[in-house]
Amino acid sequence: RAWYDTLSIPRLVVRMEDLIFHPQRVVPQICTCAGGTLLSSDEIIQVPLESAKQDQTGHRDPKSSTTFLKAVVKYGNIRTWERFPVRDHVAARAVLDKELLDTFHYQHPDWNTVLRNKKRQRLD
C-alpha cells in the first residue's frame with residue numbers, strides 16, 4: 001500500500017456498488033471532483049437495463065453479458081463472501097489493508113459465521 005500513499009498523481013476511487021445503487025448522487029459528485037459541471041443529473045444519468053457491450057465480441061452470449069439486474073445481484077448481495085472457502089478468508093485477513101477496508105466501509109465477516117457456513121456448504 002506504500003505505493004498508493006506516495007502516488008503523486010490525482011486519483012479518484014469509486015465503489016462499483018455506489019455507481020450501481022446511487023448514480024444520481026454519486027455521478028454529480030464525481031463530475032464536480034473532476035472539475036466538470038453536470039447539466040441535469042435526472043436527464044443525463046440513465047441506467048441501461050441491457051448490457052452496454054452486447055454488440056462486441058465476447059459479449060454476444062447473454063450468459064457472459066452483465067445486465068443491470070446481474071450487476072445488482074452481484075454487487076448487492078452482502079453475503080457474497082459465503083461462497084469463498086475458509087482458506088480465502090484467512091488469506092484476506094492476512095493481506096487486505098484494514099485502513100483501506102474501513103475507508104470503503106467494508107469489513108470481514110464474523111469468524112463464527114464463516115465457520116458455520118463452511119459446515120453447511122462443505123467448503124474446504
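Colleague: Are glutamate 17 and arginine 15 buried or exposed?

Modeller: This is a predicted model, where local features need pLDDT of at least 70, side-chain atom pairs count only at pLDDT 80 or more, and totals for chains, interfaces and linings use all residues. Residues are numbered from 1 along each chain as its sequence is written, and side-chain values use heavy atoms, without hydrogens and water. Buried means under 20% relative accessible area, exposed over 50%, partly exposed in between (1.4 Å probe, protein chains only). By that scale, glutamate 17 and arginine 15 are both buried.

Colleague: How far apart are the closest N and O atoms of arginine 15 and aspartate 18?

Modeller: A salt bridge puts a side-chain nitrogen of Lys or Arg within 4 Å of a carboxyl oxygen of Asp or Glu. Arg15, Glu17 and Asp18 form a network of such bridges. Arginine 15 meets glutamate 17 at 3.5 Å, N to O. For arginine 15 and aspartate 18, the distance is 2.9 Å.

Colleague: Which residue forms a salt bridge with aspartate 102?

Modeller: Both partners sit in helix α7 (residues 98-103), 4 residues apart. Helices are DSSP runs (H or I, at least four residues), numbered from the N terminus. Aspartate 102 counts as partly exposed because its relative accessibility is 42%. Its partner, at 3.3 Å between the closest N and O atoms, is lysine 98.

Colleague: Within what arc do the buried residues of α6 fall?

Modeller: In helix α6 (residues 86-95), the buried residues are Val86, His89 and Ala92. They line one face of the helix, because seen down its axis, by directions from the axis to the C-beta atoms, they fall within an arc of 115°.

Conventions:
Helices (H or I, at least four residues) and strands (E, at least two) are DSSP runs, numbered from the N terminus.
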